[in-house]
Amino acid sequence: MDWKTFQALLSGVNKYSTAFGRIWLSVVFVFRVLVYVVAAERVWSDDQKDFDCNIRQPGCANVCYDHFFPISHIRLWALQLIFVTCPSLLVVMHVKYRDERERKYRAKHGADTKLYDDTGKKHGGLWWTYLISLFAKTGIEVAFLYILHHIYNSFHLPRVVKCQILPCPNVVDCYIGRPTEKKMFTYFMVGASAICIVLNICEILYLLAKRISSCAKRSRSHRAQAMHMYKPSRDQDSNCTLPMHELENKPQTKSKLGIPPTDYKTSVFMRASAPNLSFA
């Protein structure tokens, strides 16, 4: 497997990731890929040769090895690393799709026009792609940990296994090569996988909290603008609905009973303060 090409493909993910995403990528490369390439792959390179049984019956050792190691740790971890990093490539592909749309839009409407403010900014569809990739990575990590736990009995590697499978004539004792060393690497890889799960969950919570906070700020801003637009225009010192300057400019009228005319503002206050003396 060409790990340099694999690293080059994932290097673009770092530009569009959050702080948690960058930490996750560092953990994957330093504590998983490098450990896998440098040490773990060599430990399991001759695991079938070191699987010795105390019988020379042809085919017995091969059948027992296949029973206790249906899939090698090293191959299972290689599949896990490939599958767990594939969702991150979806983010890069989405950004490339945006770049292509931006190029076509500028070619059609002019070089000064823009379709996106920033093609790598996580908003709209890219935000959903990033969030879905986090859920996919978390699910893949949990699934592979469950498979490893189910196959190898709580990640435990015993020194001796007892096999009674045809063509073995009876119960045969088989010995695993370097079980303590393999057990330590197994626990290390499981721990690194658990750390990646925690980082993915933290990043999901961070994105959701940031989105909720942004929506709350927009809602408060819209509500404040609406209250400012529909605020009634009345004078603070008056209970009347008309402003004071309109009341002052209202023309004076004469009374039918010969009472001296009063200004419009005084009559409005008198009517507002007078009790209701009408009879039914």
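## Cysteine 53 and cysteine 174

The link of cysteine 53 and cysteine 174 is right-handed, with 100° about the S-S bond. Cysteine 53 lies in strand E1 and cysteine 174 in strand E3, so the pair ties together parts that are 121 residues apart in sequence. The sulfurs of this disulfide sit 2.1 Å from each other. This is a predicted model.

Cysteine 53 is buried, at 11% relative accessible area. Cysteine 174 is buried too, at 0%.

## The other disulfides

The whole structure holds three disulfides. Cysteine 60 joins cysteine 168, S to S 1.8 Å. Cysteine 60 is in helix H3 and cysteine 168 in the loop between E2 and E3, so this pair ties parts 108 residues apart in sequence. The link of cysteine 60 and cysteine 168 is right-handed.

Cysteine 64 pairs with cysteine 163, their sulfur atoms 2.0 Å apart. The torsion about this S-S bond is about -90°, so the disulfide is left-handed. Cysteine 64 belongs to helix H3 and cysteine 163 to strand E2, 99 residues apart. Cysteine 64 is buried at 0%, and cysteine 163 is buried at 1%.

Number the bonded cysteines in sequence order, and the pairing reads 1-6, 2-5, 3-4.

## Isoleucine 165

Isoleucine 165 sits in the loop between strand E2 (160-163) and strand E3 (172-175). At 26% relative accessibility, isoleucine 165 is partly exposed. Leaving out residues up to four places away in sequence, isoleucine 165 touches Val63 and His67. The C-alpha atoms of isoleucine 165 and alanine 61 are 9.9 Å apart, though 104 residues separate the two along the chain.

Technical notes:
Residues numbered from 1 in each chain as written. Predicted model: local features only at pLDDT ≥ 70, side-chain atom pairs only at ≥ 80, totals over all residues. Heavy atoms only, no water. Helix = DSSP H or I, 4+ residues; strand = E, 2+ residues; numbered from the N terminus. Buried < 20%, exposed > 50% of the residue type's maximum accessible area, 1.4 Å probe, protein only. Contact = heavy atoms within 4.5 Å. Disulfide = S-S within 2.5 Å.
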